[in-house]
Structure formats: C-alpha cells, structure tokens
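Have the viewer ready and follow along.

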Amino acid sequence: MRLAVGTELVARALLFDMDGTLIDSRVMVETLWKDWCDAHGVDFDWVLPQLHGVRLADSVRHFTPAGYDVELEIRTMYDIELRSTDGIVPIKGALELLATLPEDRWTIVTSADQELARARLAVTGIVPPPKMVGGDDVKEGKPHPAGYLEGARRLGCAPEKTLVFEDAVAGIRAGQAAGARVIALATGHPGEIPEGVEWIPDMSALRFVGVDADGVHLRVVA
C-alpha cells in the first residue's frame, strides 16, 4: 500500500538499509554478478531475485557450484565489489532527508560489511553514522532480524518503536521479524514489495517535521 500524501510517521528511532534505500548501487552489483554467473555457469535469472539485501558472503555460499573453493570465491568477489564504486549515487532525496535528522535518532543497518559500506557511502557524500551496523557486526544476515535488533539496541530503543526503511524482500522480512514498522522503497524492484507492506517511491517522499516526547516525526509529501 502506497502511503498517502500527508501521512505522518512517528518512531523513537529510524533504521535505514543502505543499498537501494539510501544509495543506488543496483546496476553495478547486478553487472558484477551477471559476469560472475556467466563465468561459473550459473543462471543469472535464478540468482537475481535472491540477490539483493543479502550479505555478499551468504550469496556466494548459496550460489557457488560444487567444485569451487567457496572461501576463495568470497574473497575474490569481495575485492571486486570493494573496488567497484563507479556509478554509485545517492537515492533521490536521501542526502536532503538525512541532513535534517537528529544524529542520535537514526542509523544504517546494511548487509555490506563496515569497510564496503564506508567505501560506497564515501562516493555518495553520505557520512556514515557512528552507530552503523554492518553485515560483519552480526552473526546472521538478512532476512534474519539480528541487524535491525542490533541497530535498535545501539540507539537505545525497543525494536517495536523503530521505523525500518528497506527496498529488498530480505530486508523487509528482517525488519518485520525484528518487530519494527517497515516502510518499503520502490527504488529498484517495486514489483517485489510483498503485499500489504507500506511503501513510498524514494526518500524525496519524506520530510522531517520535528522531534518531541513521542519520537521523530516524518511526513509523506509525495
């Protein structure tokens, strides 16, 4: 369900996914994985629907055919992704929204590890929040809720009092499993947003209204 203009969102803390939510790395990531699939004889059309929102190492372990050194595949793919920042840009409205938010009320919860996340954020102009949660900070990656539970903990907030912003099914499921209210973004694959999940087009649809005893107030403007 698309959120109507004028809808007010209130939460004690805001938890943002990174890729597809705050930054657009989709074309770069999908190109790298298409090349990997072609080199390994894997059907990219099978991989693609399962790719986004999941930790790189988890994806490589899942998709690598028998007979390959999985740990070597992980290291190789990671090094390629770490160097591949061309074409990564902020999602529309992300810089403007983040610049208005109180820094102690939001953080990023990403499947990328801290090093990779910081490399991608650096090219978009988004300053990594001090309490950012990377995929290497938790034992289980999305769709497991561990990342969002940790993000809420770092902000000193009960998970059910948070708002999670996500674009990928794995992340949406992780936020829901954490007990948060999840707002999806129709930025990369809107047709995959599960039925019944609230959504907005991108970050330009939100405006920061203020903070009071109830929490952070946002308004849907588009």
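**Starting from the core**

In the largest nonpolar core, which has 49 residues, the members that touch the most others are L14, F16, W33 and F165. Helix α1, residues 26–40, is the top contributor to this core, giving six residues. A nonpolar core here is a set of buried Ala, Val, Leu, Ile, Met, Phe, Trp, Tyr and Cys residues joined through side-chain atoms within 4.5 Å. Apart from it lies another core, of 19 residues, with A13, V109, A174 and V182 among them.

Before going further, keep in mind that this is a predicted model, in which local features need pLDDT of at least 70 and side-chain atom pairs count only at pLDDT 80 or more, while totals for chains, interfaces and linings use all residues. Residues are numbered from 1 along each chain as its sequence is written, and side-chain values use heavy atoms, with hydrogens and water left out.

Which residues does F16 touch, leaving aside its neighbours within four places in sequence? Contact means heavy atoms within 4.5 Å, and the list runs L22, L97, L98, L101, W106, T107, I108, V109, Y148, F165 and M203.

Y148, one of those partners of F16, sits in helix α7. Is Y148 buried or exposed? With a relative accessible area of 1%, Y148 is buried; the cut-offs are under 20% for buried, over 50% for exposed and partly exposed in between, using a 1.4 Å probe and protein chains only. Again setting aside neighbours within four places in sequence, Y148 is in contact with L15, F16, D17, V109, K142, V164, F165, E166, G171, A174, G175 and A178. T162 is 14 residues from Y148 in sequence, with 9.2 Å between their C-alpha atoms.

Most peptide bonds are trans. P143 itself is in the loop between α6 and α7, the latter spanning 146–154.

**Out along the helices**

A122 counts as exposed because its relative accessibility is 59%. I88 is 34 residues away from A122 in sequence, and their C-alpha atoms are 9.8 Å apart. E115 is placed in helix α6 too, and at 47% relative accessibility E115 counts as partly exposed. Not counting residues up to four places away in sequence, E115 touches Y78 and L82. L82 is 33 residues from E115 along the chain, with a C-alpha to C-alpha distance of 8.1 Å.

For another pairing across the sequence, go to T100 in helix α5, residues 94–100. T100 is partly exposed, with a relative accessible area of 39%. The C-alpha atoms of T100 and G210 are separated by 9.2 Å, although the two are 110 residues apart along the chain.

**Stepping back**

Now zoom out to the whole chain. Its secondary structure comes to eight helices and ten strands, taken as DSSP runs (H or I of at least four residues for helices, E of at least two for strands) and numbered from the N terminus. Among contacts between residues at least 6 apart in sequence, 63% join residues at least 24 apart. Buried residues account for 51% of the 222 residues.

How does the radius of gyration sit with a compact globule, and what is its value? The chain has 17 Å, which agrees with the value near 17 Å for a compact globule of 222 residues; the radius is taken over C-alpha atoms, and the globule rule is 2.2 Å times the number of residues to the power 0.38. Along the principal axes, the C-alpha atoms fill a box of roughly 55 × 30 × 30 Å.
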